[in-house]
Amino acid sequence: MNIRQAFKMAFRSILGNKGRSVLTMLGIIIGIASVMTIVSTINGMNQQSLKQFEAMGTNKITVSAQRYDGQDVFQDLYDYCLQLSDYVEGVTPNSTLWNVNVVYGTKSSKAMEKNQENMGNSDGMSGTDVELPPNMYLGSDQYAVCNNFQIEKGRDLSFLDIQKYNQVCVLGAQAARNFFGYADPVGQTMSVNGYPFTVVGVYREKDPDSQWSQDNIIVFPYTMSRILSPGETFSEFSVKARSAEAAVEATSRISGYLTGLMGQNQEKGYFWVDSNNQWQNSYNEQATMMSVVLGGIAAISLLVGGIGIMNIMLVTVTERTREIGIRRAIGAERSSIVTQFLIEAAMLCGIGGIIGIAFGTLATRLAGRLLIQIDIWPSVTITLGAFALSVALGVLFGIYPAAKASKLQPVEALRAE
Amino acid sequence: MLIQINDVYKIYGEGLESEVRALDGVTLSIDRGEFVAIVGQSGSGKSTMMNVLGCLDIPTRGDYFLDGTNVRELTDKELSHIRNRQIGFIFQQYNLIQNLNVLENVELPLIYQGINADDRHDMAMEALERVGLAGRVKHRPAEMSGGQQQRVAIARAIATHPPIIMADEPTGALDSHTGHEVLQFLQQLNREGTTVILITHDNGIAATAPRCVRLQDGKIVEDREQEVDWL
Ligand SMILES: Nc1ncnc2c1ncn2[C@@H]1O[C@H](COP(=O)(O)OP(=O)(O)OP(=O)(O)O)[C@@H](O)[C@H]1O
Ligand SMILES: [Mg+2]
């Protein structure tokens, strides 16, 4: 019997018993689809939150500190961080500017604030195209390092800009688009509360999908507080550590230093030091726990699916032992029997697997949209892994009993009920 | 001699309290072209005998020569070939494959012979015409009466034109009229030169065979030739 015949025979056998074939495939479809959906969704969630944390800046330490005598803390903190350069990569005030109007041509941040208010009043969804007002910050030359920005065009704020009170600013990608469209902002002059400020650079886009974008920002040298928010002293700072371990060390040293500055009982001022890593860690712990739980569910569903496949295969083969006996009696060799069952199992599992992958992909994308509002595609590894496992199970349990039955004397197989 | 068994035993559970000697030292020769009825009471070892003669089972002890070849020395593959080309089986329970239609069932032994689709179809149709079922080739076995199913089984047995037909109670599940037709068909095959071995517990049927071998408790107790009217 040639292989083409064996294929035809397997095909006829599959069509010949549609009920049995559908049941077998159903086990595989459900197995693959559920495992794919669960594992892919977890994967997507973890990647999403990792992306968020990375965009926010990992190993970032937030410092709040203020002296009651109104004297500025930043210069002291800056100098101290220079000493910690083994642990610290950068330090900047993290101060939001309020009541500042930025104007370029016909665009102004005040008008954009109006947009935002109108959007809040209406349905809220029409706002996708609406230009929202930029968030404006005063920062040091290390603002970019601390907040994970990179320069796309032009240059970053420099130490000289700070020292010389240069009237310059750097734009986030979204803010650049809102004010300049597709034109190059670098070298252009914007009016900020009536003062001319030159745009020296644009940051690279971090997160193109998000509406409340981290990219809709304008950063000014912090010494510009002189004209943009007169009388303000800084109380919020960001410190960027070189690594997770460095963050721990820097956190405790800065706390120590500020204790010295403010007094043991914070008589001269208050402070508060917090490492973002702390809540990233606690998030990671939760995520790990969830992975374990959901991974367990996936394993169980795979097990259940696998047992289902195994069962139906075993049941049909017992049922088919008699058929094997008949085929052997009229002259089938062992190898023909095994080949036929192998091809049958492979065909069923293959078709079931492909349908399962289709359903799994659909379910994964739905789960991503509905549960966590992100776009997930199942990874190739997971897809192929689930497919391979189910096919392996189906073929194994499809062929093993057949091989066993074909080893019986034909008369014994014929006796099977 | 076409078939020759010497002092053959088939023993189940040998050495145990419950030991059963289904065949207990049987010696028998059958010549080409003979029509032999093997008769005996239930449990006397008739089916066991056919299974051994048909290479469906291996005897516990004793030699079996088929056309001069010692069957014990053959591989499983060679035994499959013998069953496929030399012997046509007709079983009491028909033993058709339920998921295949009538034509596919009859084609099955031809598929295992490696015969191409066109020839296979012609040979199967020819066999079905002989049993008068050429008009129902697309039906499933379950859609047919017992007598029709047995005729399908006969068509399957003769499709390969085997030199030997072995029939185990082929009329057992049929009414007497249909049974008689099956019997006449076997006689016709024998007249055309096929060696027929017919297993039955029915003395009336045994009386229509030119040679009758009687089994009792796994032993041959009688082996006689008789005059019949159909030859
Ligand atoms: N697989 C087996 N295991 C144990 N004993 C068996 C087995 N097959 C047959 N026997 C025994 O061997 C003896 C002969 O059985 P066999 O089927 O050959 O009888 P038979 O003459 O065909 O009977 P019947 O007319 O009822 O079909 C019986 O006693 C039976 O119980
Ligand atoms: Mg019997």
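**Entry 1: pairing in the sheet of chain A**

I take two strands as paired if DSSP finds at least two bridges between them. The model I am examining is predicted. With that rule in hand I looked up A:Gly90, whose bridge partner in strand 12 of chain A is A:Lys240. I then followed the two strands concerned: strand 2 and strand 12 (residues 236–241) of chain A run antiparallel and are joined by five bridges.

I next traced the whole sheet. In chain A, four strands form an open sheet with antiparallel pairing, in the order 2-12-1-13. Strand 2 (88–93) and strand 13 (269–275) of chain A are the edge strands, each pairing on one side only. On average, neighbouring strands of this sheet are turned by 15 degrees against each other, direction ignored.

**Entry 2: helices against that sheet**

I checked which helices touch the sheet of chain A. Helix 3 (residues 74–83) of chain A packs on the sheet and touches strand 1 (60–67), strand 2 and strand 12 of chain A. The direction of helix 3 makes about 175 degrees with that of strand 2 of chain A. Helix 9 (residues 244–262) of chain A lies across strand 1, strand 2, strand 12 and strand 13 of chain A. I noted about 175 degrees between helix 9 and strand 13 of chain A.

**Entry 3: strands of chain B**

I turned to strand 1 (residues 3–12) of chain B. Eight bridges pair strand 1 with strand 2 (residues 20–30) of chain B in the antiparallel sense; in strand 2, B:Ile30 stands opposite B:Ile3. Strand 1 of chain B is also joined by five bridges to strand 4 (residues 61–66) of chain B, again antiparallel. There I found B:Phe65 of strand 4 opposite B:Gln4.

**Entry 4: the interface of chain A and chain B**

I looked up the extent of the contact: 25 residues come from chain A and 28 residues from chain B. The buried area is about 2400 Å², and carbon and sulfur atoms give 53% of that area.

For polar terms, I counted nine residue pairs in polar contact between the chains, both at pLDDT 80 or more. The rule finds three salt bridges across the interface. I recorded one between A:Arg12 and B:Glu104, with the closest N and O atoms 3.6 Å apart.

Finally, I asked which elements of chain A supply the side that touches chain B. Helix 1 (3–16), helix 10 (276–329), helix 11 (334–372) and helix 13 (410–415) of chain A each supply at least two residues. Helix 10 of chain A gives the most, with six residues. By class, this side of chain A has nine nonpolar, seven polar and nine charged residues.

Notes
Residues are numbered from 1 along each chain as its sequence is written. Chains are lettered from A and ligands numbered from 1 in the order in which they are written. This is a predicted model: local features need pLDDT of at least 70, side-chain atom pairs count only at pLDDT 80 or more; totals for chains, interfaces and linings use all residues. Side-chain values use heavy atoms; hydrogens and water are left out. Contact means heavy atoms within 4.5 Å. Buried area is the accessible area (1.4 Å probe) that two parts lose on being put together, summed over both. A salt bridge is a side-chain nitrogen of Lys or Arg within 4 Å of a carboxyl oxygen of Asp or Glu. A polar contact is a pair of N or O atoms within 3.5 Å; within protein, one must be able to donate a hydrogen and the other to accept it, and residues adjacent in sequence count only if both atoms are side-chain atoms. Ala, Val, Leu, Ile, Met, Phe, Trp, Tyr, Cys and Pro count as nonpolar, Asp, Glu, Lys and Arg as charged, and the others, Gly among them, as polar. Axes are lines fitted to C-alpha atoms, for helices over the stretch in contact, and angles run from 0 to 180 degrees between N-to-C directions.
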